[in-house]
Amino acid sequence: MKTDIFARNKLALQELCLAHKIPKFRASQIIDWLYAKQVVEFAEMKNLGRETIQILQEQFTNSFLSIRCLKELTASSGNTSKVVLAFADGETCESVCMRHNYGNSICVSSQIGCAVGCKFCASGLGGFKRNLTAAEMLAQVMYFAKQLKANGERVSHVVIMGSGEPLLNYENVLEFIRLLHDPELFNISYRNITLSTSGIIPGIKRLQTESLPINLAISLHASEQEKRTTIMPINASYCLHEVVECAGRYAQNTKRQVTYEYIMLAAVNDSLEDAAKLVSLLRGQLACVNLIPANNVQEYGLQKSPLTQVKAFQEYLQKNNIPVTIRKEMGADINAACGQLRNKIEELE
Ligand code: SAH
Ligand code: SF4
C-alpha cells in the first residue's frame, strides 16, 4: 500500500522520506508545495528533482486528491459556501466556508453521522457511521484554502462544529488541531480554533490537560435538567450542571471565555423563564451565550422561535449581565446547519 503524504508534520515527513531513500531536506520542500503553495500533484512540485518525484509517484499517495466534491452551494449573500465532500470509501461529509470581515472561517465535520442523537439536529438522523481521520478533517480545510488562495486569501479560523461529536473522536481531532496550528502547515492560532461539544465531560477534562488554548463551545440548548434531556439525551449521562462546572474550570485554566450555544426552539426553550434559569446557571462564569435561530429539520417537527422572542430572550440575558450574541443566519438558504445538506443529497440518491 502506498504511504500517504498528506497531513504529516515536518518530523513525520522527514522520517518517511528517509525510509524511502529521499533526502531529508525534501520534506520541507514538499510541505512548502502542499501548504504554502497548495500544489497537490507530485509532478508539479518542480524543485524536487526528477528522482524524488519518481519515488513519490511510485511509493506515495496524497489522500487529499482522493476527495471529491459532490455538491457546492453558495448562499445568496455570496459569503457562505457549503460543500459535500466524498472520501475514498464513498462516505460523505459536509463543510462550510464563511467569509467574515475579520477573516475566513471553515466549519469542519469530525465524524460521519453522530451517535449523540440530539432531537433538533440533522447529523444524528442516520446514526453514527465512522470517525473522520485527521487527514480527512484537514482535507476539508485544504479544499477551501485552495479556493481562497486563488483570490489571494487564506483560512484564518476553524470551527469544529459540523457533523459529529469531536470529543468522541478525541485522538484524531487533537492531531488535526495540532496540524492546523503547525506554522509550516496552516499556521492557525489556537485562539482562532473553536471546538464545539455537546458536553462530553471526560473529553473536556482531557482537553484541559493538553495546554492548547483553543476556544471551547458547549451546545447547551436548555437551562433545565429534564428539558435538556428531552432534546439532548446525552444529558442523562453528562448533566448540565456538571457540564457547566467542568467548562467553568476549562475557562479558568485557559483564561478563555466559554461560549454556550443555545438553539432557540419555539415553545420548547425560548421563554423568559428559560432565560432566567440560564442566568442562574451561568452567573459568575467566564462565559458568553450565542443564541442560534434554529434551522427547521422537517423530520423532528420543531420550529424556530420568532425573532421577537429571540430578541426578548437576548434582552433578558443582557439585563442580567450575561454577554450574549445572536448568531447571524449565514447561509440559511443553503441549509447551512449541521448535517442538513448531506441528508438532502442522500434522499436524492
Ligand atoms: N457535536 C458538537 C459539534 C457539532 S453540532 C456539538 O453538538 O456541539 C454543532 C452545532 O450545530 C450545534 O450546537 C448547533 O449550533 C448546530 N445545529 C444542529 N442542529 C441545528 C439546527 N437544527 N439548527 C441550527 N443549528 C443547528
Ligand atoms: Fe451530534 Fe452535535 Fe448534532 Fe448533537 S448537535 S446530534 S452532538 S452533531
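A polar contact is taken here as a pair of N or O atoms within 3.5 Å. In this predicted model, the side chain of S219 meets that cut-off with ligand 1: one of its N or O atoms lies 2.6 Å from an oxygen atom of the ligand. The side chain of E261 also places an N or O atom 3.4 Å from a ligand oxygen. The backbone contributes as well, with a polar atom of T197 at 3.3 Å from an oxygen of ligand 1. On its own, ligand 1 has 530 Å² of accessible area, and the protein covers 94% of it.

The shell around ligand 1 holds 22 residues. F120, G164, S196, S219 and N295 are the closest. By class, the shell contains 10 nonpolar, nine polar and three charged residues. Two strands, β10 (193-197) and β12 (258-264), each supply at least two of the shell residues.

Backbone geometry was examined next. Most residues other than glycine have a negative phi. S211 has a positive phi of about 55°. This serine sits in the loop between α6 (201-208) and β11 (215-219). S211 has a relative accessible area of 63%, so it counts as exposed. H221 also has a positive phi, near 65°, and is not a glycine. The loop that carries H221 runs between β11 and α7 (225-231). Buried residues are those under 20% relative accessible area. H221 is therefore buried, at 3% relative accessibility.

Methods. Residues numbered from 1 in each chain as written. Chains lettered and ligands numbered in written order. Predicted model: local features only at pLDDT ≥ 70, side-chain atom pairs only at ≥ 80, totals over all residues. Heavy atoms only, no water. Helix = DSSP H or I, 4+ residues; strand = E, 2+ residues; numbered from the N terminus. Buried < 20%, exposed > 50% of the residue type's maximum accessible area, 1.4 Å probe, protein only. Near = heavy atom within 4 Å. Polar contact = N/O pair within 3.5 Å; in protein donor to acceptor, adjacent residues only side chain to side chain. Areas by Shrake-Rupley, 256 points an atom, 1.4 Å probe, with all protein chains shown as cover. Nonpolar A, V, L, I, M, F, W, Y, C, P; charged D, E, K, R; others polar.
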